[in-house]
Amino acid sequence: MKLNSILWFFIITVVLSVGFPPDSALANNKEKSYRIDYNFDFLPEDKRVLVTIRLSKNAGVLKSLRFNIKPEYHSQFEGDGKIKRQANYITWYPPQKGGRLTYQVKIDRQRNSGGYGAYFAKDWVIFRGDHVVPSVKVMTRGKAESQARLRFNMPAGWVGETIYESADKINFVIDDPHRRFDRPLGWMIVGDIGIRKEQIKNTLVAVAGPKEQGIRRMDALALLNWNLPELLAVFPNYYKKILIVSADSPMWRGGLSGPGSLYMHKDRPMIGEDGTSTLIHELIHTAMRINGGEQDDWIVEGFAEFYSLELMRRSGTIPQQRYELTLSKLYKRGADIKKLRGKNSKGATTARAVLFMKELDDNIRAMTHNKASLDDVAKKLALKRGQVSLKLLRSYVKEVAGAPLDILSKNNPLLSD
Ligand SMILES: [Zn+2]
């Protein structure tokens with residue numbers, strides 16, 4: 001392997017796993033671009049999708065593509081060139097002039113709690129694009145980037161919606177400036193569905209779900225009309241288009257975020273009786289795109305829940321008294337929590353984490369005479385994306401506040417391992 005290709009393998013691997021190369025790396029010179037066409041054929045009889053990936057135009061620049069597959073979902077790989085099969089990987093060595101790779105994907109994914117995280121119903125399908133085309137490591141001969149298109153082949157009368165631009169609800173343009181090898185990401189929905197869209201500031205919001213399930217598309221758009229401008233004030237680099245999908249059971253009875261998109265069960269209230277909102281909470285996850293690894297999920301969930309409340313307060317969706325009432329309820333809920341750190345932050349821990357974030361915000365404001373706030377920390381975390389930690393939170397807070405804060409010190413028992 002030449003040094004050049006080793007280097008590019010390394011860079012592309014980093015780009016694909018982190019998703020965020022420095023902008024200068026993308027702006028460098030004119031690069032060759034190759035064409036990728038993704039075709040999803042929906043097969044209702046089998047509750048499966050037949051995927052075709054076709055490479056053309058400068059395809060010779062691609063040496064190999066190693067897909068990170070799950071054999072229980074991805075099967076029957078066939079294609080031009082050479083295919084190497086390993087337990088959890090499929091490596092495709094396409095011919096120099098390009099070619100096709102095909103495989104089948106089982107859509108239904110049942111969660112431990114019983115509901116489905118992806119489902120192929122009689123007249124609709126809800127799934128994640130990044131489950132259908134799994135993550136991939138790409139080896140190239142020199143610099144190159146992709147021009148990608150996605151096409152849905154569906155039964156008559158069906159349409160589709162994704163996070164990507166489309167003129168006809170069948171063909172989509174995939175263009176992620178942060179990735180060299182574009183692949184379809186985020187929640188997707190196809191079928192006999194109803195879609196409502198609205199431009200809110202710089203972001204086009206689409207809300208989609210199966211017809212005649214009583215999905216509250218207008219309620220969701222109203223809530224976003226109030227709160228998205230506040231979200232954009234904290235996270236100005238937010239998506240130009242987002243998709244909210246909703247459906248009835250057997251889809252899971254909760255909310256789940258993905259790149260530029262989220263799913264929410266149709267029975268979830270827009271705002272719960274306790275004053276919190278699943279929809280805005282998941283929206284914060286889409287804006288921050290962070291994960292807490294083994295120890296610090298409380299940071300991820302604490303920010304999501306704190307900001308869902310905070311944005312609703314700022315937008316006037318809930319008045320100050322309601323906001324304070326909700327905080328006091330969360331205070332009671334999290335009163336017995338002695339430690340925040342751990343792999344999965346759930347109800348009481350997240351409730352305690354919200355109060356922690358509130359205190360952190362108050363301390364930063366006091367320290368800087370209101371010149372800075374937790375917003376500045378949230379912004380930094382969202383720009384970093386990916387895995388975050390207590391250590392990183394400490395360093396960002398120190399930068400923003402100008403000095404370390406006691407609340408984040410090693411002496412705070414809430415932060416012990
Ligand atoms: Zn969450």
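Predicted model: local features only at pLDDT ≥ 70, side-chain atom pairs only at ≥ 80, totals over all residues.

The structure has 16 aromatic pairs, and one of them, Phe 42 with Phe 127, is a tilted pair. There's also an open sheet of 5 strands to walk through.

**Aromatic contacts**
- The rings of Phe 42 and Phe 127 are 5.8 Å apart, centre to centre, with 55° between their planes.
- Phe 42 belongs to strand β1 (residues 32-43) and Phe 127 to strand β10 (residues 124-128), so this pair ties together parts that lie 85 residues apart in sequence.
- Both Phe 42 and Phe 127 are buried.
- The two also show up in one aromatic cluster, made up of Phe 40, Phe 42, Phe 120, Phe 127, Phe 152 and Phe 172.

**Charges over rings**
- Arg 109 puts its charged end over the ring of Tyr 73, 3.9 Å from the ring centre.
- Arg 313 lies over the face of Tyr 323, and here the distance to the ring centre is 5.3 Å.

**The sheet**
- Reading across, the strand order is β8-β9-β10-β15-β13, and the pairing is antiparallel.
- The edges are β8 (109-110) and β13 (159-161); each has a single partner strand, so one side of each is left without a neighbour in the sheet.

Notes:
Residues numbered from 1 in each chain as written. Heavy atoms only, no water. Phe/Tyr/Trp six-rings, centres within 6.5 Å; stacked < 30°, edge-to-face > 60°. Helix = DSSP H or I, 4+ residues; strand = E, 2+ residues; numbered from the N terminus. Buried < 20%, exposed > 50% of the residue type's maximum accessible area, 1.4 Å probe, protein only. Lys NZ or Arg CZ within 6 Å of the ring centre and 35° of its normal. Pairing = 2+ DSSP bridges.
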